[in-house]
Amino acid sequence: MWFLTITNPKSEPMQIKLTPGKMSIGRNVTSDIVVNDVAASRRHAEIYFDPLTEIIKINDLKSSNGTYVNRQKISGYYRLQNGDVIRIGQTVMHLTNITNQTVDQMGISGTHLFTRELVLEAVDEHPILLYEITEKLNTVVNINSAITLVTDLTKKAMGVDICEIILASDFSRIIMEGKDNVKVRTIRNSSVEASPLALCVPVISNEKPLALIYLEKNRPGVVPFDERDMQLAVAISHQTALTMVRIELLEKIRKEGQVKKLLLRFVSPIEAEVLLEDYLKTGNLPKLAEKKVTVLFVEIADAAAFAERLGLEKYTSVLNTFNQYVMQAVFKKGGILKFLGNGILAFFMETRKDEPVPEERAVSVAREIIEFVKKAAPPEPDQKLLVGVAINSGKAMAGYVGTQERAEFTVLGNLIKMTCRMQEQALPNRIFVGASTEETIHNKYLVQKAGSMTMMGCEQPIQIYEVSLAKISPFVQMENDMSAAFKAVAEKLKARGNREGL
């Protein structure tokens, strides 16, 4: 007996038995074989079957879009052979000669290796259907939507009753339960596992299993899975793997962009790239840890009264310009930024050895800020912008807190409170630094004592120093450098003497 198995991306597969004589093919509803395809003519072709000679011929009736057999366009009569593939538009017909109904209805069974050759053969046999599936899957951007779409398309394309897609993350659960040996064997062997009414196909990319497609037919009198079904399932599996890899890459790119956007709120673009590279390796942003930090805090003096005198619109413009300048100055010196209403916190830490120490970079930024404020044109007559800058160095807990989507860089400890208290006294347009900062920068900048302040929890008053905006004399700078060099040599000799017991 001869059968045509008809498949179309928009409908379930259908099997038609050839009858002796002539059978018409076309879009006309009165045709013996109705082809619901826009590329089909009303009277498209005819098939002739002689049961005595077992000769089958197809004749194209001068259709608009042609009839193809084994991918070759035919004209006139063409003799068909067992296994030939007829295509009209997107509709594909497989010709099959079932010589032993009992044997052939047993379907396929056993294990089939999931090889590259099997995938290539499967894709080659079902180009039309795969094009339709690929076109739809290319619009999907998340795994859940992909699973739903593949499930629906597979049910329609293969006429199955059950289509289940199991992700690799659930493999361990299936193996532990061990309820379905077909699924377990497929997972462990990464091969196609088939029985007449059940089919298991792995979804694999670069030899890595991503998921499992389980298919089942359970309707009465249903035709068992055959070789073509297995090929189609493998082809769908391959396309599913490509889709899952694409979605995974899109998710990775989305996360990278999200993290980079987050980092650019705090650090310069160059530093953001470095942090992003570390994040891609570890999957985490630097967590809170004790570090030596130099903190710079700058705030607009008497901001509330200043805003009231200018009006909110003008004040907002002044604040935006000020923030933009400070941000660029901080990023240029490798600092990390945090906006606080009318003020800005900047953090400087050890970076490359060829760069100035954090204390020097912070003071350099502070001097730039004061110079900018002094030169800035007043937004209104007699309404000049005034700020105060404070810098302090010491140990603090520094790092990122929160989630990867809503992380914030923060520094915790008394160091922040002390710096904010110092800033309150650094008016107008002055730069105050703490003792630890002064000890590092006094050879580079003109520094003088500016009094002291008390802090809750500190027994002794805290000495404050003011950094002059005047440039240090080259001769003084040379003398300071030589003094620092001699001091360093003396400390090394002293340490060596201590080791040798001198």
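These are my notes on a few things I looked up in this predicted model.

**Entry 1, the main core.** I started with the largest nonpolar core, which has 37 residues. The members touching the most others are Leu-296, Val-298, Ile-300, Phe-322, Ile-369, Val-389 and Ile-391. Helix 10 gives the largest share, 9 residues.

I picked Ile-369 and skipped its neighbours within four places in sequence. That left contacts with Leu-296, Val-298, Phe-322, Tyr-325, Val-326 and Val-389. Apart from this core I found another one, of 35 residues, including Phe-114, Leu-118, Leu-199 and Val-203.

Next I looked at the surface, where Leu-288, Met-397, Val-401 and Leu-412 make a nonpolar patch. Together they have about 280 Å² of accessible area. Leu-412 sits in strand 21 (residues 408–412). Is Leu-412 exposed or partly exposed? Its relative accessibility is 42%, so I put it down as partly exposed.

Last, I traced an open sheet of 5 strands with the order 4-3-5-6-9 and mixed pairing. Strand 4 (33–34) and strand 9 (77–80) are the edges, each pairing on one side only. Strand 9 pairs with strand 6 (residues 55–60) in the antiparallel sense, over 4 bridges. Along that pairing I noted Asn-59 opposite Tyr-77 of strand 9.

Note on methods. Residues numbered from 1 in each chain as written. Predicted model: local features only at pLDDT ≥ 70, side-chain atom pairs only at ≥ 80, totals over all residues. Heavy atoms only, no water. Core = buried A, V, L, I, M, F, W, Y, C linked by side-chain atoms within 4.5 Å. Buried < 20%, exposed > 50% of the residue type's maximum accessible area, 1.4 Å probe, protein only. Helix = DSSP H or I, 4+ residues; strand = E, 2+ residues; numbered from the N terminus. Contact = heavy atoms within 4.5 Å. Patch = residues over 30% accessible without salt bridge, like charges linked within 9 Å, V, L, I, M, F, W, Y side chains within 5 Å. Areas by Shrake-Rupley, 256 points an atom, 1.4 Å probe, with all protein chains shown as cover. Salt bridge = Lys/Arg side-chain N within 4 Å of Asp/Glu carboxyl O. Pairing = 2+ DSSP bridges.
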